[in-house]
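Please keep the picture in view while I talk.

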Amino acid sequence: MTDLPLEITLGVADADALGRAVGRVALLLPAEGALGAAAAGIDAATGGAVARVRAGSAWAKAKAGEGVEVPAPAGLQAEVLHLVKLPAEPTLAEARKAGATIARGLGAAGAEVVMDAGQRPADVATGLWLRAYSFDRYKTPPEGEAGGEAGGKGPVTLRLEGDATGAQAALDRARAVAGGVTFTRNLVNEPANVLTTTDFARRLSDLRELGVTVQVIEEEELARLGMRALLGVGQGSASPSKVVVMEWKGAMGAPLALVGKGVCFDTGGISLKPAEGMEAMTMDMGGAGTVAGVMRTLALRKAKAHVVGLVGLVENMPDGMAQRPGDVVRSMKGDTIEVINTDAEGRLVLADVLWYAQDRFAPAAMIDLATLTGAVIVALGHENAGIFANDDALATQLLAAAGAEGEGAWRLPLSPAYDAMLKSHVADMRNSVGRPAGSITAAQFLKRFVKDATPWVHIDIAGVATATGDHPYAASKGATGWGVMTLDRLVAHQFER
Ligand code: BES
Ligand code: MN
Ligand code: ZN
């Protein structure tokens, strides 16, 4: 189930193969100018269809990465001839969009794609993989049709013209990235009755096959370590709380630590959420899902970096054992927390995992990801994740990586005045403050569990972990895998030798 939605291979632009292709034939063409040999061959075979489309108004209106379809083209065996506009030297975003455009119409017969080697075939492949994804393991297929994972889409051959040096290596790299994004999406889309804390830990343990060291820390040991803030969140659930530590040691030296919120379901606890929309809280493990996807990508591409991924896996449920509003818990760090609102549970989980990550690994830098606050959706909608940092250099590097990958991210402030709002009358701090600056006060809470000497970024992905409407690469609803590409790029540029 971690497999990619379709197989993509490279080939040469062979006119015979294109003439015989029964699925779709896609030509990636600049807006105007001379056709390459294979495209010219198809133009000739179809009696000039390519030239006519390129002279028409639909083509003129199409933006880079968008296309025009010619159904049942005379002279070819193909069901559709798809002309997709793509400059000779496209941007990464344009190339991915072209891939997504091809993926949209793709069926089981697959596609032959003709393009120049300079048109970023690996990024076209990424667009294909990300857009072809769908989560339909629970949808019974119509009579006579193969089921979602078994049937579906592809294969796709990217037939390259020009100098294809390095194209295979770039495609393999893109496959590793798409593999991580797919892993994250599958985890985030999985319902909470299937993806329990135990099932999640088992799926992470499977990363051992790729050379990742995986350790699952159970409740007894978490209690011995003093992680009472994390344990308090899970104590009303039948699923045992766990911390999973994944280590990819592709280099020596202090690691980058990635920390993820893994609330497998968030009812709010005794501070119960309203019924409407509560089903969405099956994605409240999105931070942990992204951390897992990054670890998978790093292992798949054998990154020369030392990265540890730590996730706190709990379920926030209300029962007779559940934590109450007003309870006071002692964190692993030693600070006490008044639990004003049991629905502000993510910060309680992260407090202990952040502290444990620093205590055990003394990381060179630390980045946490969490579907932490509804307030970040009020502030930034579904376009940007909220970024908070105690280190300008790391924040700038992260924002640059996100910008390059087209994953929205926007920095929000931290400052002592917000921290002062966390004051409690009975404990060292309280976990919930009220509506003003809700995402910032949550980040200030986390900051109390980060050593000043640890460069740290907190990413609130509540708005971006799942898509609500149209999304350039993801299927229109469900998990996006936000952050896997950004963090993989950050590792490659800043933490790899
Ligand atoms: N998991 C939620 C945040 C969330 C909301 C994620 C919407 C995705 C979509 C988090 O645990 C939560 O409940 N936060 C509260 C905090 C409040 C009680 C201080 C919130 O945002 O309302
Ligand atoms: Mn909550
Ligand atoms: Zn939550």
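Let me start with lysine 333, which in this predicted model lies over the face of phenylalanine 449, at 5.5 Å from the ring centre. Phenylalanine 449 counts as buried, because its relative accessibility is 0%, and phenylalanine 445 is likewise buried, with a relative accessible area of 0%.

The structure holds two aromatic pairs. In one of them, the rings of phenylalanine 135 and tyrosine 138 have centres 5.9 Å apart, and since their planes stand at 65 degrees, where over 60 counts as edge-to-face, the pair is edge-to-face. Phenylalanine 135 is partly exposed at 22% relative accessibility, and tyrosine 138 is also partly exposed, at 45%. Phenylalanine 445 and phenylalanine 449 form a pair that is tilted, with 5.5 Å from centre to centre and 40 degrees between the planes.

Now to the metal site: which residues coordinate the zinc ion (ligand 3)? They are Lys261, through NZ, Asp266 and Asp284, each through OD, and Glu345, through OE, at 2.0 to 2.4 Å. The arrangement is octahedral because the six donor atoms around this zinc ion subtend angles of 78 to 173 degrees. The manganese ion (ligand 2) is 3.1 Å from the zinc ion (ligand 3), and aspartate 266 coordinates both. Finally, are lysine 261 and aspartate 284 buried or exposed? Lysine 261 is buried, and aspartate 284 is buried as well.

Terms used:
Residues numbered from 1 in each chain as written. Chains lettered and ligands numbered in written order. Predicted model: local features only at pLDDT ≥ 70, side-chain atom pairs only at ≥ 80, totals over all residues. Heavy atoms only, no water. Donors = N, O, S within 2.8 Å, 3.2 Å for Na, K, Ca; no water. Tetrahedral: all angles 85-135°; square planar, octahedral: opposite > 155°, others 65-115°. Buried < 20%, exposed > 50% of the residue type's maximum accessible area, 1.4 Å probe, protein only. Phe/Tyr/Trp six-rings, centres within 6.5 Å; stacked < 30°, edge-to-face > 60°. Lys NZ or Arg CZ within 6 Å of the ring centre and 35° of its normal.
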